Amino acid sequence: MKTQWIGDVLSGSLNQKEVHLKGWIHRSRGSNAIRFVVLRDSTGTLQCVVKRDKVGDASFEEVASALIESSLEIKGTAIPTDREHGYEIQVTEAKVVGPVDPSNPFPITESAMEEADGGETEFLLDNRHLYLRTGRMTTMLKIRSSVFGAIHSFFRDRDFIEYQAPNFVAGAVEGGSTLFEVPYFGRKAYLTQSWQLYAEAAMPALERLYTIAPSFRAEKSRTRRHLTEFWHAEMEIAWADNNDVMDHGEALVRHIARTLLTERPAELESLGRDLEVIRRFADSDYPRIRYDEAVERLKSKGVEIEWGQDLDYSKEKILTADFDVPHFLTHYPKVAKPFYHRQDPDNQDYVLCHDLLAPEGYGEIIGGGERTWSESEILKRIDDEGTPRDPYEFYIDIRRYGGVPHGGFGLGVDRVCAWLAGADHIRETIPFPRDSRRVTP
RNA sequence: GCCGACAUAGCUUAGUUGGUGGAGCGGCGGACUGUUAAUCCGCAGGUCGCAGGUUCGAGUCCUGCUGUCGGCGCCA
């Protein structure tokens, strides 16, 4: 097994020590007597100096002829240097573990990445399984891991119970037009769009629950904010109102930003992120404005909008331009939202809901609110909407046995990753993105 | 569902008013004892996405198809 990493050498803890490293050839150059191999592992890159008179002819030839992405095992001494990495390895033994066939060299070349410049060409998307090894993707995946970890620690520190809902479901959460249909032993089933309805069933048992799970939406969206399979962090909490739920969403997003500042500052900077901006997201309060106020703001900017209209992305963008931190929009008109949002008892035209919009044009990252929690209200809302009751019988049943005020939200984890990492496209944040035109590789 | 672009070597691309498709990177061969995307010399590599059409002649013009990318709607 491997016990030493390039990161250990770079940290200085192995200065002047004998080291045994295993990794992949990032770059290789040199002459017929000396070879400079830049070795890569999961912790970084490091130059290894291979001299013919130190390792012998056979070993030297083997290393010298190894192509980029060949895997390599080396032994040598870590010595400080003024050159690029701060340290380099004077190699005493070197062995190619897994070679690369010269007739089929590693296809992700400098030129393949230069035009992409953070974005992704068709070629890189087709070769995603190999693109994952490159610096930008690796960095993004480390940030992603920290975001997932931060979500878990946030909820667990607050005594939330992690709870799993099925991915095969019979009915829709949203309108229903965006479900993936799958054959199910002669019947039809669907891939879940949200954990919420099943979470509400467990709400009276667990009171505070959360999940991080994939959600599936068959939207033919072609935007930098959409995936057909995305990772959804959702929570549900009993005895809570819209403001309580918002408090949790705000605290969670701040906690994620703070975690990245602690765990991934170098990665953020290598992607061109200004840490001061992330610090602002981690430390600020997030303003809350009502739908009506948002409409007024838009009208004052000359945007044509009618009351009752949902705020689409073009309008969101105009609104978010006024803020340099995330901000909530609350109290949407009832007509713009589905039945499970509770009507505002103070004004039946509105529902007790909220969206959290990320600044810098990244758009909605949280959608949530207070649920319609009494049996009479839910039946009226379903009937008024013209939605059939049948698929929701279990959901209605929950309210027949001790319904309580409760609510929750869903957070788009990939969107949060894209926003905090400053990615151009949500695809950059997930190893194998799925959208309406791509299910491979 | 709607709108707009694009498709030339493994990759990134140049290609003039239609007249025998070039380069850089990568690969291969050679030179080189401290390189930083190493450098230098040489070689191989193309049914110009597919199918029609116009023309003496199409990478180039026209039509259709396919694929991909970008934007909108919808949402996390």
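## Backbone contacts with RNA strand B

In this predicted model, a polar backbone atom of Ile366 is 2.9 Å from a sugar or linking oxygen of RNA strand B. Ile365 makes a contact of this kind as well: one of its backbone N or O atoms lies 2.9 Å from a sugar or linking oxygen of RNA strand B. Strand β17 (residues 363-370) supplies the largest share of the surface near RNA strand B, with 4 residues.

## Surroundings of RNA strand B

RNA strand B is surrounded by 55 residues. The closest are Arg29, Arg217, Ser221, Arg224 and Arg415. Considering the atoms of RNA strand B within 4 Å of the protein, 53% are part of sugar or phosphate, and the rest are part of bases.

## Domain layout

Chain A is divided by the domain assignment into domain 1, covering 6-98, and domain 2, covering 135-429. The centres of domain 1 and domain 2, taken over C-alpha atoms, are separated by 47 Å.

## Salt bridges

Side chains of opposite charge can pair when their charged atoms come close. The count of salt bridges in the model is 34. One of them joins Arg52 to Asp57, with the closest N and O atoms 3.2 Å apart. Arg52 counts as partly exposed, because its relative accessibility is 22%.

A salt bridge also joins Arg288 and Asp247, whose closest N and O atoms are 2.7 Å apart. This pair links distant parts of the chain, 41 residues apart: Arg288 belongs to strand β12 (residues 288-290) and Asp247 to helix α9 (residues 242-263). Arg288 has a relative accessibility of 32% and therefore counts as partly exposed; Asp247, at 40% relative accessibility, counts as partly exposed too. Both residues belong to a network of salt bridges that links Asp247, Glu250, Arg254, Asp285 and Arg288.

## The Arg342–Glu377 pair

Arg342 and Glu377 form a salt bridge in which the closest N and O atoms are 3.8 Å apart. Here too the pair links distant parts of the chain, 35 residues apart. Arg342 lies in the loop between β13 (327-330) and β14 (343-344), whereas Glu377 lies in helix α14 (residues 375-385).

The partners fall into separate accessibility classes. Arg342 is buried, because its relative accessible area of 14% is under the 20% limit. Glu377 has a relative accessible area of 25% and is therefore partly exposed.

## Helix α11 and its cover

Helix α11 (residues 275-283) has Leu275, Val277, Ile278, Phe281 and Ala282 as its buried residues. Viewed down the axis of α11, these buried residues fall within an arc of 155 degrees, so they line one face of the helix. The elements that cover the buried residues of α11 include α9, α10 (265-270) and α16 (413-421).

At the start of α11, a side-chain oxygen of Asp274 comes to within 2.9 Å of the backbone nitrogen of Glu276.

Note on methods:
Residues are numbered from 1 along each chain as its sequence is written. Chains are lettered from A and ligands numbered from 1 in the order in which they are written. This is a predicted model: local features need pLDDT of at least 70, side-chain atom pairs count only at pLDDT 80 or more; totals for chains, interfaces and linings use all residues. Side-chain values use heavy atoms; hydrogens and water are left out. Domain bounds come from an automatic or database domain assignment. A salt bridge is a side-chain nitrogen of Lys or Arg within 4 Å of a carboxyl oxygen of Asp or Glu. Buried means under 20% relative accessible area, exposed over 50%, partly exposed in between (1.4 Å probe, protein chains only). Helices (H or I, at least four residues) and strands (E, at least two) are DSSP runs, numbered from the N terminus. The arc is that of the directions from the helix axis to the C-beta atoms. Contact means heavy atoms within 4.5 Å. A polar contact is a pair of N or O atoms within 3.5 Å; within protein, one must be able to donate a hydrogen and the other to accept it, and residues adjacent in sequence count only if both atoms are side-chain atoms. A residue is near a molecule or strand if one of its heavy atoms lies within 4 Å of it.
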